[in-house]
Amino acid sequence: MRLEHFQYVVEIAHCKSMSKASKKLYITQPSLSTAIQNLEDELGFQIFKRSASGVALTEKGEEFFKIAEEMVKQLGLIKDLSDPNKETVTTLNLAAVPVFCNALMIHLIQLLKRNHPQINVNIMELRPTKVLPTLVSGQADLAIGTFSPSTREQVFQEAARNNLIIEPIYEDEMYCFLHRNHPLAQNLSVTFEEITESGTVPAFFNDHVLMGSYESVQQIDTEYSSNYYSFTDRSSIKKAVAKGLAFAVLPHLMAYDDVYVNSGMIIPVPLADADVTLTNYIAYSSRNTLPKSAQLTIEIIRQMYREIEEKHKQQKRKIEKIISDKRNQYLLY
């Protein structure tokens, strides 16, 4: 019997669900279920009754829960014996893909500095295929990655082999980034055919492993096989678009808090015929208890993505209303 077993029992009893408790405890659900099963085998009685609707304490489980709750409370008091005014500075190693670094990294640093100044963040910006290996090697405590429908299985297989938890957190869409004076910039949406017929040169992100998974992007690549720009950084892509030299197909998140988009130099337009999503996820190891600094950072990241999702929904509702109003106007005449 280990001290964390008491925490497990308390959290499960509060959540009445193994899956919800596993998320709060930052371990996988199978690992949590196995730990409770081993504990029950050691004690010789069942703590929880399992059912399709969740879990509930047994009669003996109720007694064990009271003891466990008191143990957890006492452990908290022991931790409080340390000087409450002395905050130990910790360094969190975070590996993240370019889309996160572009859109949210500065905001994350600001929130940590304001709310948790004891946490220093060491940032590693990496391509999607390079993110998970940093967790495996121990270089990173947390990772923010992305996968498309075609790379999803590969990501989850790699996570399963290395005891990593993958938490999908945000579904992004591909948009067309256009110069403000581009003839299609004021459209409510554009198609790949319209883009190719406009004669504008595309600017590609030079990451064939990522972009090759998008059949729609490959379609544009074929059309412009002899006339396109290829960059290794997002800043050059956006600068080329802002100067009217090119257009780019990028995740919508790239438009968040972007200086070119905010100034109106670049207009992100939804792609009407692109049904490929880009899933953003948080990843961390399930082998060890997650440090408090990592837990706090994860909560902040979750909240940031929730706010982004709500803003995106509001924006889509406005666009849908404009389209609806235009259709009604057309029908009236």
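1. In which sense do S3 and strand S5 pair, and over how many bridges? In this predicted model, S3 and S5 (residues 142-147) run parallel and share three bridges, where two strands are said to pair if DSSP finds at least two bridges between them. Strands (E, at least two residues) and helices (H or I, at least four) are DSSP runs, numbered from the N terminus.

2. Strand S3 (residues 90-96) is also joined to S4 (residues 119-125), in parallel, by seven bridges. Leu94 has Ile123 as its bridge partner in S4 and Leu142 as its bridge partner in S5. Five of the seven residues of S3 are buried, that is, under 20% relative accessible area, with exposed meaning over 50% and partly exposed in between (1.4 Å probe, protein chains only).

3. Five salt bridges are counted, each requiring a side-chain nitrogen of Lys or Arg within 4 Å of a carboxyl oxygen of Asp or Glu. One of them joins Glu167 and Arg302 at 2.9 Å, N to O; because Glu167 belongs to strand S6 (residues 164-179) and Arg302 to helix H14 (residues 292-332), this pair ties together parts that are 135 residues apart in sequence. Glu167 is buried at 15% relative accessible area, and Arg302 is buried at 11%.

4. Arg302 also forms a salt bridge with Glu299, with 2.4 Å between the closest N and O atoms, and Glu299 is partly exposed at 38%.

5. Residues are numbered from 1 along each chain as its sequence is written, and side-chain values use heavy atoms, leaving out hydrogens and water. As the model is predicted, local features need pLDDT of at least 70 and side-chain atom pairs count only at pLDDT 80 or more, whereas totals for chains, interfaces and linings use all residues.
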